[in-house]
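Student: Could you please take a close look at the aromatic rings and explain how they are arranged?

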Amino acid sequence: MENPRQGGTDEAALSGPLRTLVLGLWQRTRIDWGFASTRLNDAFRQNRELSAHSRRAVAETLYGMIRHARRIDAALFAGGLRVGPRAPDRERIVAYEVLEQGLAPAAARGMFPDIDWERVRAIDKLIAKGLAPGQSGRDPATRLALAHSLPDWLARLMVADHGGDAEKLAAALAERAPMTIRTNTLAGDRGALMNALAEAGIDSHAGALCPTAVVVDSRVNLFSLAPFRTGHFEAQDEGSQLIAELCAPPPKALVVDYCAGAGGKTLALAALMNSRGRLLSTDVSKKKLAELRRRARRAGVTNVQVQPLPDDPEVATPKAIAAAGGCAHRVLVDAPCSGIGALRRNPEAKWRLTEGDAARFPALQLAILEQALPLVAPGGRLIYATCTVLRRENRGVIDTFLNRHPELSLFPVKAIWGAERAAAVADESGVFLELLPHRHGTDGFFAAVIRRPPA
């Protein structure tokens, strides 16, 4: 998840020292396209004298440059910049300010007089006309890649999968994500949480799709708030909350969160279960499971059993997991995926991920589904979820899995939530949960509910 400390800035230009700080962060990030949030946290620990406003300005500029990297370079090239022995990183910062923060071309010209900053500012018109540097005609995928700073391979897939919606989707994925939290109903209701935020001077509004979601409008460090420390909320996208709700665990159920990670959906499931029944959370990462334990204690969750999974398929299944075989009422597989639906929060991922990396996910996802299926009780449900918008990782995986297991059947979203609610968040058939940022304001998510036949 993108650093919740991040916020926006109304400044048209950074001061000299802040621009220098951004320059160093940008150059370190481009080495391996590692998580920008980690580098920002390190930088802020080393520069504790920075005001909250300055931190927001630095974070917003860094994330903005990552989001718009390809468009920035195209704009500079259109403005006459030619790459020399030095990487044009200072020019890139100024170009971002011109394109996104309203810095006047005249001011930019004072820093770099050899660049035509009016043409830099006109890059979007050039791309729309098929006239940007490196662009040949108005091929939809090429235009999408330049206009919204995507790798060519990803732009091609998005056009193929989403057709006329690809433009709006790509634009939404290049925006900053809202700051959304989940009400911990074990500790109180949404209204009480919003009142507590208001008393602290924090503006918020209720999420439109999920009864536990709250969107925080004020720029604030969520982790510093008293309601967070006392377990009244967790930072979680509204779409992620909906996936937990879609599991619909029955009373006193045995539920398995098979790819639990640090436990965002585990905690949401525990609240839905009123901390009753049994919730078995597994993952191959012991570090993430340790974080899950800490979060569960803070949230007052008492029905979670954490069990590491071996990362070697040749190693025997742990007894706690083997004992759940054929007994789980619900098994959630929040599968590892390309993460394209969460680019608003982790924009560096689009530059780190290769086409080959993305192509390997469906095989992994199918393998995990096969591992999880034996846990499902007769009449129980297997819920498959991803945070990607690529068809081959979503419906493609489900189609292949169901072809392998003709005894299984899809259990439609509209059968769980009713046709009216499903119409807002499901595909046209009402079968799959399909959330897209340009339509729903959430990250991009997909979920399918698969039912095992009764005995």
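Tutor: Phe-228 and Phe-233 are both buried, a term for a relative accessible area under 20%, whereas exposed means over 50% and partly exposed lies in between (1.4 Å probe, protein chains only). The model is predicted, so local features need pLDDT of at least 70 and side-chain atom pairs count only at pLDDT 80 or more, while totals for chains, interfaces and linings use all residues. Residues are numbered from 1 along each chain as its sequence is written, and side-chain values use heavy atoms, with hydrogens and water left out.

Rings of Phe, Tyr and Trp (its six-membered ring) pair if their centres lie within 6.5 Å; planes under 30 degrees apart count as stacked, over 60 as edge-to-face and the rest as tilted. This rule gives 5 aromatic pairs. One of them joins Trp-33 and Trp-351, a tilted pair with 6.2 Å from centre to centre and 40° between the planes. Because Trp-33 lies in the loop between helix 1 (16-32) and helix 2 (36-46) and Trp-351 in helix 18 (residues 349-352), this pair ties together parts that are 318 residues apart in sequence. Helices here are DSSP runs (H or I, at least four residues), numbered from the N terminus. Trp-33 and Trp-351 are both buried. The pair of Phe-228 and Phe-233 is also tilted, because the ring centres are 5.6 Å apart and the planes stand at 50°.

Ring pairs also link Trp-26, Trp-33 and Trp-351 into a cluster.

Note on methods. Helix = DSSP H or I, 4+ residues; strand = E, 2+ residues; numbered from the N terminus.
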